[in-house]
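Opening my notebook on this one.

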Amino acid sequence: MRSFKMVLFFLMYCLLHGIPAQAVGPVPDPFLSVATMAHQGPGPLILLTTPDGTGGDLSTALTASGIPADATITLVILDSVGMPIPNFPWQDIWIQKSTNPITFCNSNYWHPESHTDINGMTRWILGPTVKGFHEGPIRVFVNGEALFSPSVDLSLVNPDINGDGVVNLSDVALFAADLHSGYQFRSDLHPDGVINLSDVIPLASGMGSRCN
Ligand SMILES: [Ca+2]
Ligand SMILES: [Ca+2]
């Protein structure tokens with residue numbers, strides 16, 4: 001019913017403003033359009049990111065217990081009658097956290113790789129450039145409206161633990177404190193539910209990484 005009202009409102013808007021509806025193009029339906037991760041099992045998945053984007057593709061994510069899992073996100077945009085919308089611009093599609101914003105290095109948004117294809121489909125494949133960690137879930141937005149489908153249960157960890165956009169000794173100090181005081185998600189850089197020497201490797205390899 002809501003989709004029908006949206007289409008009706010859109011047609012009335014075009015009529016009042018003298019805009020041919022077919023010239024504007026089909027309107028994405030936030031109820032029928034769906035974003036999913038390649039991993040079909042229970043979440044969350046956790047991806048190692050860095051400020052310079054060298055953390056890895058989404059396909060290199062792990063489960064919360066450290067098992068490799070593909071977090072590649074596929075979005076299919078459909079109109080109100082369930083038809084795919086091809087060539088929908090990537091600039092009008094983005095990801096942000098549902099409750100608290102992810103702090104990206106150079107943008108307020110994390111866009112997919114391309115416009116939608118003939119099947120109305122596009123993907124997020126590369127990891128983002130991010131300041132600090134993010135504990136999911138996240139939602140996909142199309143034309144500024146969040147999709148109705150369940151959130152993508154994806155969290156991000158980052159050797160830039162304090163979220164200032166560079167990995168340096170300040171982050172090492174926080175990591176050392178977490179290592180000795182108990183579990184903190186922000187320092188579980190090799191996600192498996194514990195903080196130990198395996199988490200030192202991504203911290204060390206990320207040293208010097210910064211937002212460009
Ligand atoms: Ca930092
Ligand atoms: Ca760990």
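Which atoms are the protein donors of the calcium ion (ligand 2)? I looked them up: D188 (OD), H190 (O), D192 (OD), V194 (O), D199 (OD) and D199 (OD), lying 2.2 to 2.6 Å from the ion. Donors here are N, O and S atoms within 2.8 Å of the metal (3.2 Å for Na, K and Ca), and water is not among the atoms, so sites may look incomplete.

Housekeeping before I go on. This is a predicted model, where local features need pLDDT of at least 70 and side-chain atom pairs count only at pLDDT 80 or more, while totals for chains, interfaces and linings use all residues. Residues are numbered from 1 along each chain as written, chains are lettered from A and ligands numbered from 1 in the order written, and side-chain values use heavy atoms, without hydrogens and water.

**Ligand 2, continued.** The six donor atoms make angles of 51 to 161°, and the site is irregular. For reference, six count as octahedral if opposite donors are over 155 degrees apart and all others between 65 and 115. My cut-offs are under 20% for buried, over 50% for exposed and partly exposed in between (1.4 Å probe, protein chains only).

**Ligand 1.** For this calcium ion I find D160 (OD), N162 (OD1), D164 (OD), V166 (O), D171 (OD) and D171 (OD) as protein donors, 2.2 to 2.6 Å away. The donor residues are spaced D-x1-N-x1-D-x1-V-x4-D. Why do I call the arrangement irregular? Because the six donor atoms subtend angles of 51 to 163°. D160 counts as buried because its relative accessibility is 0%, whereas N162 is partly exposed at 34%.

**Confidence.** The pLDDT (the predictor's confidence in each residue, from 0 to 100) averages 88 over the protein chain, and 86% of the residues score at least 70. Over residues 19-23 it is below 50, and I note six contacts for this stretch beyond near neighbours in sequence (contact means heavy atoms within 4.5 Å).

**Cavity.** My search of the whole structure gave one cavity of 30 Å³ or more. A cavity is a set of points on a 1 Å grid over the protein atoms alone where a 1.4 Å probe fits but cannot get out. The largest cavity holds about 40 Å³ of space. Its lining includes A35, R139, L147 and P150.

Conventions
Four donors count as tetrahedral if all angles lie between 85 and 135 degrees; four count as square planar and six as octahedral if opposite donors are over 155 degrees apart and all others between 65 and 115; anything else is irregular. On a 1 Å grid over the protein atoms alone, a cavity is a set of points where a 1.4 Å probe fits but cannot get out, and a pocket is an open set with protein on both sides within 12 Å along at least five of seven lines; lining residues have an atom within 4 Å of a point. Grid points are joined across faces, edges and corners, and a volume is the space filled by probe spheres set on the points.
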